[in-house]
Amino acid sequence: MGKEGFLSPKAIGNRIKAKGLQKLRWYCQMCQKQCRDENGFKCHCMSESHQRQLLLASEDPNKIMDNFSQEFKNDFIELIKRRFGTKRVQNNIVYNEYINDREHVHMNSTQWETLTEFTKWLGKEGFCKVDETPKGWYIQYIDRDPETIRRQEELERKKKQDLDDQERSAKFIEEQVRRGQGGREPEEAPVFTELKRESEEEKSMFLIFFYSVALGPSALKSAGSGKRKDAPSTSEAKEKKKKSALDEIMEMEEQKKRSVRADHWLHPGIVIKVVTKRLGEKYHKKKGVIKEVQDKYTAVVKMIDSGDKLKLDQSHLETVIPAPGKRVLVLNGVYRDTEALLDSIDERKFSATLTLDSGRMKGRRVDGIAYEDFSKIAGSIMTSVT
């Protein structure tokens, strides 16, 4: 028999099989070759090209693994960003879509042994928000693109402006209603109860009033209903008005505090502590001073003990709380970029009381400032971050 041609059923079947995913144990990551059976994989391992690739990998195996890990991480994050955006999705769904590509980097050639370990690493490094549920691990991509952050700030500014317009409209309507009532407070609605006779001899008498919208509550009052409560006095009305105005001011202050918070807090000239273990025990839990801030989330830190300069991400640092009486800098919230003196610390609420020492509110004493919202000042404050 002659040799089977390109369009023979067997050749077509072999090409169809080659398109699909094969078993992982018969895949060579170094040569990026997929074998269909054990015999083919054995022959490939004995080939000269595979032996040359092994010799190249043996020179620096850590570099080869780091390259595979970096490529796997970049492709995985790019898939999340392009396919799911900032939506919360299960990690298995993303991984199944990732391995559909026959040319993908396999996880057994990276530094992560399991998908769960890789998911935890993404959350620790700040690439995604991760949380564990009974159904498995879920991930959510954190988009730190400047254009996306700008759009979010514009949406929040527009939303705040709409809320202010609604509050002004509500106050205007309330003022119109108050003027229509002649400055009187609205009376309480009557409480209706079941009619009962105390004895059988007692006669029941009914007095019917026709309540009209045009007459209003004053018509009923002139009819002599003695059991109805009198309208509040002028002093009580003023007290209620003052109380409602105070509540509105407090609500506006709370909304202002929520609106001015940011997700970055780095600032030159403050003392911080390194919390990551990736740099070794030499720098873990050691203090340093921020000399420069890059892109809002990256800081150039000079270590106090050794004098070394490190470039670290915001997620690898935490603030330093000094002793009472020392100077600190507020890093987030309404009083951001304001110097203050530390008065006292509330360990139960993880907050502190500060006395502002700069700005328009100098001398003001504020309570409930969280630990992560202020840090110790190393010396003269450098130019603020743009």
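Predicted model: local features only at pLDDT ≥ 70, side-chain atom pairs only at ≥ 80, totals over all residues.

User: Where does Thr276 lie?

Analyst: In the loop between β6 (271-274) and β7 (287-294).

User: Is Thr276 buried or exposed?

Analyst: Buried: its relative accessible area is 6%, and the cut-off for buried is under 20%.

User: What lies 3.3 Å from a polar atom of the Thr276 side chain?

Analyst: That's the backbone nitrogen of Arg278.

User: Switching topic. In the largest nonpolar core, which residues touch the most other members?

Analyst: Phe72, Phe76, Val94 and Phe118, out of 21 residues in that core. At least two core residues come from each of α4 (61-84), α5 (91-98), α6 (115-125) and β5 (136-141). The largest share is from α4, with seven residues.

User: And what is Phe72 in contact with, leaving aside neighbours within four places in sequence?

Analyst: Tyr95, Tyr98, Val105, Met107, Thr110, Trp112 and Phe118. There's also a second, separate core of 17 residues, which includes Ile270, Val274, Ala299 and Met303.

User: Back to α5, which residues are buried there?

Analyst: Asn91, Val94 and Tyr98. Looking down the axis of α5, the buried residues fall within an arc of 65°, so they line one face of the helix.

User: Why would that spacing put residues on one side?

Analyst: An α-helix has 3.6 residues a turn, so residues three or four places apart point the same way.

User: What do the buried residues of α5 pack against?

Analyst: They pack against α4, β3 (88-90), α6 and β5.

Conventions: Residues numbered from 1 in each chain as written. Heavy atoms only, no water. Core = buried A, V, L, I, M, F, W, Y, C linked by side-chain atoms within 4.5 Å. Buried < 20%, exposed > 50% of the residue type's maximum accessible area, 1.4 Å probe, protein only. Helix = DSSP H or I, 4+ residues; strand = E, 2+ residues; numbered from the N terminus. Contact = heavy atoms within 4.5 Å. Arc of directions from axis to C-beta. Polar contact = N/O pair within 3.5 Å; in protein donor to acceptor, adjacent residues only side chain to side chain.
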